[in-house]
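Dear colleague,

I am handing over the structure we spoke about, and my notes on what was found in it follow below. Please read them with the structure open beside you.

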Amino acid sequence: MKNDGELTEDDVFDCLSILGQSASGLQHTYLCLSVPGRDLKNVSILCNYIYLQKLELPYNKIKDLSCVSHMPHLIILDASHNQLTDFFGFQPPKNLKEVNFSHNQMSVMNDLSAYSSLTKLILDYNSFSAIRGLEKCKRLSHLSLAHNNISRIRGLDHLPLRKLCLRGNLIQKIENLQTLRNLQVLDLSCNQIQSLSGLQNLHLLGNINLESNLVKERSNSCHITVYYANDSKVIPQSITHQKEPIYPIPVFHFQVSAVNKYDPPLEVIAARDHMTHLVYQLMQPQVIFDSTLPSLDAPYPMLVLTGPQACGKRELAHKLCQEFSDYFAYGACHTTRGPYYGEEDGSDYHFVTEEEFQNMIQMGQFVQTMQYGGHWYGLSREAIEGVAREGLACCVHMELEGVYSLKNSYFEPRYVLLIPTVVDNYVCFLKARGFYSSAQMETAVSRIDLYSKTNRELPGFFDNIIPFFTKMLLAKQHTWTKGHKTPNLISWGLYMKSVLSARYFDRIIKNIVVNSCTQCEAMAFHGCSHSRHLFTMAECPNDNSVVDATGELLAANTTEATDLMDSYSRNYQNKIQAQMTPQQTPAVSQSYRFCYFYTLIGLI
Ligand SMILES: Nc1ncnc2c1ncn2[C@@H]1O[C@H](COP(=O)(O)OP(=O)(O)OP(=O)(O)O)[C@@H](O)[C@H]1O
């Protein structure tokens with residue numbers, strides 16, 4: 001370098017690096033030049049280096065960067081710690097993505113619409129007093145304007161910013177951030193902000209720094225909803241030299257961490273779960289699944305039994321699959337919890353380690369997953385495919401979160417809710433199982449409300465509802481273990497089969513319900529079949545006050561399922577069966593079976 005601060009050809013030669021192809025691909029050339037801390041004033045020689053893609057000139061004394069006009073392929077420019085006064089004082093390189101002009105002497109932001117490729121712009125330690133000219137920077141994801149003289153947050157509308165740093169300015173109010181939907185990191189420390197309002201609706205915001213401000217709020221008047229906030233932190237205010245009494249930021253810290261623990265809505269969790277599995281699955285080789293039969297636009301039939309833990313859905317799923325083995329097979333989920341006494345691997349669940357489970361997630365093997373009671377549960381695609389290959393409908397049980405997640409998938413199961421009607425009985429049942437701690441029982445009981453609220457607020461969310469038949473279930477467990485079919489079970493099975501088709505619901509509901517449960521439950525159930533709203537617990541008298549069903553009605557329920565069909569369905573079934581000749585391939589027969597099944601579940 002010459003003494004007068006001029007960059008020479010020899011210096012350039014020493015500082016070039018990364019030999020590569022020019023943007024046109026026709027020449028080999030150096031792509032990167034880095035000349036930091038040489039007190040450079042004159043870099044005009046760089047006009048000859050037209051192929052540079054990365055230029056680093058920090059810690060010099062440069063005032064003029066017009067040489068960049070001759071670098072049409074430049075992608076990264078670092079001219080921090082110089083004496084630049086001109087904001088982008090050069091012709092725009094078309095693909096310029098990252099620019100660092102921090103620690104210069106710039107004061108006015110000009111229109112940057114010619115720099116539409118910009119993704120990162122660092123302008124710390126200048127003298128800007130307003131944010132301007134960024135409207136057309138539709139790729140800008142990282143903007144830093146720390147330690148300037150900015151007094152208002154504006155000029156950022158609809159930018160795809162993920163990181164925004166406005167530390168050390170003169171900002172008094174958080175405003176105009178609501179359109180920054182992608183914002184994840186926000187640094188507003190060392191300003192003069194007095195209120196927390198203005199942070200609402202930034203759903204991805206996970207890291208906020210409000211250190212050294214004038215925030216006085218101590219009530220919960222501001223709710224910041226931070227979803228997916230893995231590393232959220234609010235740095236406590238440490239310097240309190242203002243005259244006004246200010247409540248230290250830890251108050252705010254408490255608010256934020258409390259909000260972080262607040263569960264995001266189930267739809268949000270489900271969307272995230274679905275997205276994760278979809279992305280991992282798309283990363284795998286794509287195949288056509290057996291569950292896509294019989295045609296791409298007809299959904300593969302699935303039955304999902306849902307309800308709080310131990311409400312009988314697992315037992316019902318197994319019994320349905322046994323009694324109606326022509327239609328259903330059990331889809332065993334994976335879990336990281338250990339097997340209970342008597343549970344066999346592969347029959348109730350596939351029991352796997354946490355590591356195996358995480359590997360399966362990453363291999364895109366799950367359709368949905370959920371954490372419950374500190375363990376992972378997941379429905380794998382293979383569980384569904386295994387059943388689909390048999391030409392059967394997959395029957396699974398899961399908690400509400402799983403239902404939400406599955407509703408995002410392209411499967412269109414029928415969802416049946418099993419809900420306890422008498423809390424005391426449910427608690428007795430949980431105790432009788434002997435598996436659960438009181439905390440676990442409390443959780444299970446508290447979730448009843450979640451289900452009934454969902455049913456109340458989202459009519460049609462569940463395709464049908466079965467009250468939890470406490471007495472019946474207990475009795476049934478006894479007979480089931482002996483392997484007998486009881487009239488109750490048959491009627492329940494018939495009910496289940498028919499419940500899949502809403503057309504027969506009213507016709508058989510009285511018989512089944514009156515037979516299967518107490519009068520109180522029957523009334524409630526019958527009521528909910530019409531209104532689709534769950535009754536409240538308070539409306540349900542104690543079990544002791546009700547009368548049991550009569551034997552006469554019991555006998556009526558043991559008739560064949562087909563007797564419950566109307567002539568249309570019988571004809572349809574006959575037609576389908578007539579077509580299932582031995583000459584047909586298994587795939588064709590299978591699709592007929594599916595068609596028949598669809599009529600049963602009311603999809604055709
Ligand atoms: N893939 C899944 N997604 C969501 N929830 C699931 C899934 N698999 C199982 N579950 C549910 O997780 C809860 C806990 O399951 P677990 O088998 O440990 O409970 P349990 O005490 O045996 O009760 P249950 O008789 O209801 O299965 C149950 O409500 C179960 O239905």
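**What surrounds the ligand**

The residues of the shell around the ligand divide into 8 nonpolar, 4 polar and 5 charged. Please keep in mind throughout that this is a predicted model. Of the 17 residues around the ligand, those that come nearest are Met370, Tyr377, Met398, Glu399 and Gly402. Two or more residues of that shell are given by each of helix H4 (313–323), strand E15 (366–372), strand E16 (375–380), strand E17 (393–398) and helix H7 (400–408), and it is E16 that gives the most, with 3 residues.

**The sheet that holds E15 and E16**

Two of these strands, E15 and E16, belong to an open sheet of 4 strands in the order E14-E13-E16-E15, with mixed pairing. Strand E14 (349–351) and E15 are the edge strands, each of them pairing on one side only, and neighbouring strands of this sheet are turned by 25° against each other on average, direction ignored. Within the sheet, strand E13 (residues 333–335) pairs with E16 in the antiparallel sense over 2 bridges, and His334 stands opposite Gly378 in E16.

**The surroundings of E17**

Strand E17 is largely enclosed by the rest of the structure, because 6 of its 6 residues are buried. Both of its faces are covered, with Ala393, Cys395 and His397 buried on one side and Cys394, Val396 and Met398 buried on the other. Strand E11 (residues 302–306) pairs with E17 in the parallel sense over 5 bridges, and here Val304 has Val396 as its bridge partner. Strand E12 (residues 328–330) also runs parallel to E17 and is joined to it by 3 bridges, with Cys394 as the bridge partner of Ala329.

The protein averages a pLDDT of 74, and 68% of the residues score at least 70, while the model scores ipTM 0.98 and pTM 0.47. Among the elements of the protein, E13 has the highest mean pLDDT (98), whereas helix H14 (residues 551–556) has the lowest (24). Over residues 218–261 pLDDT stays under 50, and the model has 70 contacts beyond four places in sequence for this stretch; pLDDT also stays under 50 over residues 470–492, for which the model has 30 such contacts beyond four places in sequence. Where pLDDT is low, the predicted coordinates should not be read in detail.

With best wishes

Terms used:
Residues are numbered from 1 along each chain as its sequence is written. This is a predicted model: local features need pLDDT of at least 70, side-chain atom pairs count only at pLDDT 80 or more; totals for chains, interfaces and linings use all residues. A residue is near a molecule or strand if its C-beta atom, placed from the backbone, lies within 6 Å of it. Ala, Val, Leu, Ile, Met, Phe, Trp, Tyr, Cys and Pro count as nonpolar, Asp, Glu, Lys and Arg as charged, and the others, Gly among them, as polar. Two strands pair if DSSP finds at least two bridges between them. Axes are lines fitted to C-alpha atoms, for helices over the stretch in contact, and angles run from 0 to 180 degrees between N-to-C directions. pLDDT is the predictor's confidence in each residue, from 0 to 100. Two residues are in contact if their C-beta atoms, placed from the backbone, lie within 7 Å. A residue is buried if 20 or more other C-beta atoms lie within 10 Å of its own, exposed if 12 or fewer, and partly exposed in between; C-beta atoms are placed from the backbone.
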